[in-house]
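Please keep the sequence and the structure in view while reading.

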Amino acid sequence: MNTSGVVVGVDGSASALAAVRWAAEEARSTGEPLTLVHAYSPGGQSYAARELRAVQQREQGTAHLREAEVVASLAAPGVRVASRLRAGDVRKVLLAESSGARQAVLGSRGAHSVSRLLLGSAGLALTMKALCPVVVVRDRAPATGPVVVGLNGWPECAPAARFAFLWAAAHGAPVTALRVWRALGTTNSAGVHERARAALAAELAPIAGEFPQVPVEHLVLRGPAGETLLQFGEHARLLVVGARGHTGFARLLLGSTSTHVAGQAASPVAVIRSAEVVRHWREGARLDPAADGAG
């Protein structure tokens, strides 16, 4: 198996160090190595200016990696750690490193907003093209709680649901499957709610049936989908969203409507873009980009 285990981006920020802690604990729990990656891209108007900038960035990057190594060793003693300092576009570096990883982890940075990270070029490129699950970690990550998965839009969200159960089974956590609806006009809200809950349970039943050891709760709520999911994310050990689908929660997370509430979720967010990504996480095997349609 050709894998670098859990890959985490390092940039010296507090949220990146939180991501390192989470990634180190994840690597230890699965018995995989942890790979710390720092990318730099020197700029300048002249060759001499670029060279000087590159030297400074290499020194700074080395310092960031050393700090991350200490954080990882304290968070998960005994975990195998490798550090990689790479020159180049951070988007290309992260995508290249993630191609051999079982999962990639990033910090949310600055304003603690998932939307701001994912709308950034590096984060967006990774979440939309990575061959493995991408987990976004805030400054604090709950060690307990359910795995909450947003399931508006089926079957687009089926890969996210399967990942939620796989991760929950591996970590001894329950799953909360969440669907949000809006009552219109004089619609019988009680009837709509019950039909939505029954539909959610029926859709999820084949996947849930594969994991009888995982307790599952089917939750249907009325309100703004993005905000509701993020509110429940405050109490989740992991929040799972799909990266495709016209009505999926990921679109809400990536949109401007949820920017003001995205930072309220304290839990890590796993972005799952396809069934191939889920299989990659489960099997720990390297994928061929062409086979997954990543291009």
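Helix α1 supplies seven residues to the lining of the second largest pocket, the largest share of that lining. The model is a predicted one. The pocket holds about 310 Å³ of space. It is lined by 14 residues, of which W22, E25, A141, P142 and A143 are the closest to its centre. Two elements, α1 (14-30) and α6, each give two or more residues to this lining. By class, the lining of the second largest pocket is made up of six nonpolar, two polar and six charged residues.

Helix α1 packs against helix α2 (residues 47-75), with the axes 8 Å apart and an angle of about 45° between them. Angles under 35 degrees count as roughly parallel and those from 65 to 115 as roughly perpendicular. The two helices, α1 and α2, are therefore oblique to each other. Their crossing is right-handed. On the α1 side the contact is made by L17, V20, R21, A24, E25 and R28, and on the α2 side by E67, A68, V71, A72 and A75. Seven of the residues in this contact of α1 with α2 are nonpolar and four are charged, with no polar ones.

Helix α6 has two packing partners to look at. With helix α7 (residues 189-208), the axes come within 10 Å and cross at roughly 50°. That angle makes α6 oblique to α7. The crossing of α6 past α7 is right-handed. A158, A161, R162 and F165 of α6 meet L204, I207 and A208 of α7. This contact of α6 with α7 divides into six nonpolar residues, one charged residue and no polar ones.

The other partner is helix α11 (residues 275-283), which packs against α6 (residues 158-171) at an angle of about 15°, with the axes 9 Å apart. Helices α6 and α11 are therefore roughly parallel to each other. Their crossing is left-handed. From α6 the contact involves P159, R162, F163, L166, W167 and A170, and from α11 it involves A275, V278, W281 and R282. Eight residues of this contact of α6 with α11 are nonpolar, two are charged and none is polar. R162 of α6 takes part in the contact with α7 and also in the contact with α11.

Note on methods. Residues are numbered from 1 along each chain as its sequence is written. This is a predicted model: local features need pLDDT of at least 70, side-chain atom pairs count only at pLDDT 80 or more; totals for chains, interfaces and linings use all residues. Side-chain values use heavy atoms; hydrogens and water are left out. Axes are lines fitted to C-alpha atoms, for helices over the stretch in contact, and angles run from 0 to 180 degrees between N-to-C directions. Helices (H or I, at least four residues) and strands (E, at least two) are DSSP runs, numbered from the N terminus. Angles under 35 degrees count as roughly parallel, over 145 as roughly antiparallel, 65 to 115 as roughly perpendicular and the rest as oblique. A crossing is left-handed if the near helix is turned anticlockwise from the far one by less than a right angle, and right-handed if clockwise. Contact means heavy atoms within 4.5 Å. Ala, Val, Leu, Ile, Met, Phe, Trp, Tyr, Cys and Pro count as nonpolar, Asp, Glu, Lys and Arg as charged, and the others, Gly among them, as polar. On a 1 Å grid over the protein atoms alone, a cavity is a set of points where a 1.4 Å probe fits but cannot get out, and a pocket is an open set with protein on both sides within 12 Å along at least five of seven lines; lining residues have an atom within 4 Å of a point. Grid points are joined across faces, edges and corners, and a volume is the space filled by probe spheres set on the points.
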